[in-house]
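This briefing sets out selected features of the structure shown below.

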Amino acid sequence: MATIRRIGVLTSGGDAPGMNACIRSVVLTAAAHQIEVIGFSHGYNGLIEGDYTKLLPYHVQHIIQLGGTILKSARCPALQTEEGAKAAAATLRQLQLDALLVIGGDGSFKGALAIAQHYKGQILGLPGTIDNDVDGTDATIGYATAIDTALDAIDKIRDTADAFERIFLVELMGRHSGFIALSAGIASGAEQIICPEFGTLEPGQLDTVIRPIQNAQVLKGKSSYIIVMAEHCYPGGSTTLAADITDAIGIECRACVLGHIQRGGSPVGADRILATKLGAYAVEQLLGGAHLMMAGEVNHQAGLYPLQASGERKKRIDPYLLRWQQQVAND
Ligand code: ATP
């Protein structure tokens, strides 16, 4: 068993509901093992600048239900330089930390790997991002909440779209993957889903979007039509695509960009449970000597996955749901 007396924890990259639940679990589990916890503020910036605070169990009381992160999160371009990685490692050494836990997405894990070049302690990652684009875990902390937040909004848009017999284009987050768009699109009964896994859409290919709309209106008499799209799937985004659809078919199409609403809010039960499980598991695995791994959950089993692979390997979106949407719903 590794000797672990003091560890650091930080939240990095896009904040995600459940990050607080994860910090709480880390602190409570560490306390049960007489391990001290230092929390760094504003992601890797706190590590580089020495902005930290000791975290005791009473600091994490009643935070399991809170969105955001009590440690704050941020991007940290400085870490992408050799000097930045050295400065981060120097803080870890100076504070005599035996290990560091990084709660974030695949970018944050690359940052952890950079620090590991200059630091002899253990480093583990915990998947915290709404995007779910981290390989080695079925779901990331925050993903389930983001889907429910998007669903709540799309259901409301459906009401007004139905009342006014309108076409709506709802743009969801997801950067380079369509996890949120596909899940929220299917769960809301969206007529059409546009996501990177179906290929990018160019203005010259507008026909593939328009034909199903026209079919639906003529053949099925739809009183509303909702297209859910992932961000970055069309040049100019959903606003431009909505205008192009309106021009092409002569029926007004409205765009609604959900944006950062998807990152906020109280975490749903699934995220609180996942965050608690992975936070506890990560601390226990540190004691077992784990290093440069990510604590994830696959088929309800917590497990370790190489940190490097979680960022390098592209996580596959559910091929069954993709096929179903393409063959049955996107008609
Ligand atoms: P999300 O997917 O929710 O946005 P993320 O962790 O992928 O989360 P990024 O902005 O990609 O978010 O990365 C967060 C931080 O990790 C960056 O601001 C930077 O400090 C660090 N980081 C990312 N890539 C690297 C890299 N190649 N080398 C060193 N540090 C990196």
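This is a predicted model: local features need pLDDT of at least 70, side-chain atom pairs count only at pLDDT 80 or more; totals for chains, interfaces and linings use all residues.

His33 counts as partly exposed, because its relative accessibility is 35%. The residue sits in the loop between α1 (19–32) and β2 (36–40).

**Loop residues**

- Although His33 and Leu47 are 14 residues apart in sequence, their C-alpha atoms are 24 Å apart in space.
- His42 is located in the loop between β2 and α2, and its phi is near 55°, a positive value in a residue other than glycine.
- With a relative accessible area of 35%, His42 is partly exposed.
- Leu292 occupies the loop between α9 (269–287) and β10.
- The phi of Leu292 is near 55°, again a positive value in a residue other than glycine.
- Leu292 has 27% relative accessibility and therefore counts as partly exposed.

**Helix α4**

- Helix α4 (residues 106–116) is mostly covered, with eight of its 11 residues buried.
- The buried residues of α4 are Asp106, Ser108, Phe109, Gly111, Ala112, Leu113, Ile115 and Ala116.
- The elements that cover these buried residues include α2 (44–49), α3 (82–94), β4 (99–104), β5 (122–127), β10 (293–298) and α10 (307–312).
- Ser108 belongs to helix α4; it counts as buried because its relative accessibility is 5%, and buried means under 20%.
- Apart from its neighbours within four places in sequence, Ser108 is in contact with Ser12, Gly13, Tyr44 and Val102.

**Domains and the boundary between them**

- The protein chain is divided into domain 1 (6–142 + 267–311) and domain 2 (143–263).
- The C-alpha centres of domain 1 and domain 2 are 34 Å apart.
- Contact between the domains involves 18 residues of domain 1 and 13 residues of domain 2.
- About 1200 Å² is buried between domain 1 and domain 2, and carbon and sulfur atoms give 51% of that area.
- On the domain 1 side, Ile130, Asp131 and Asn132 lose the most area to domain 2, together 43% of what that side buries.
- Between domain 1 and domain 2 there are seven residue pairs in polar contact, both residues at pLDDT 80 or more.
- The count of salt bridges between domain 1 and domain 2 is one.
- Arg263 and Asp15 form a salt bridge through their side chains, at 3.1 Å from N to O.

**Nonpolar cores**

- The largest nonpolar core has 80 residues, of which Ile7, Leu101, Leu172, Leu241 and Ile245 touch the most other members.
- Helix α5 (residues 143–164) supplies the largest share of this core, nine residues.
- This core lies between domain 1 (6–142 + 267–311) and domain 2 (143–263), because both domains give residues to it.
- A second, separate core has 27 residues, among them Ala85, Ala89, Leu95 and Val102.
- Leaving aside neighbours within four places in sequence, Leu101 is in contact with Ile7, Gly8, Val9, Leu10, Val26, Leu124, Leu126, Ala282, Val283 and Leu286.

Key:
Residues are numbered from 1 along each chain as its sequence is written. Side-chain values use heavy atoms; hydrogens and water are left out. A nonpolar core is a set of buried Ala, Val, Leu, Ile, Met, Phe, Trp, Tyr and Cys residues joined through side-chain atoms within 4.5 Å. Buried means under 20% relative accessible area, exposed over 50%, partly exposed in between (1.4 Å probe, protein chains only). Helices (H or I, at least four residues) and strands (E, at least two) are DSSP runs, numbered from the N terminus. Domain bounds come from an automatic or database domain assignment. Contact means heavy atoms within 4.5 Å. Buried area is the accessible area (1.4 Å probe) that two parts lose on being put together, summed over both. A salt bridge is a side-chain nitrogen of Lys or Arg within 4 Å of a carboxyl oxygen of Asp or Glu. A polar contact is a pair of N or O atoms within 3.5 Å; within protein, one must be able to donate a hydrogen and the other to accept it, and residues adjacent in sequence count only if both atoms are side-chain atoms.
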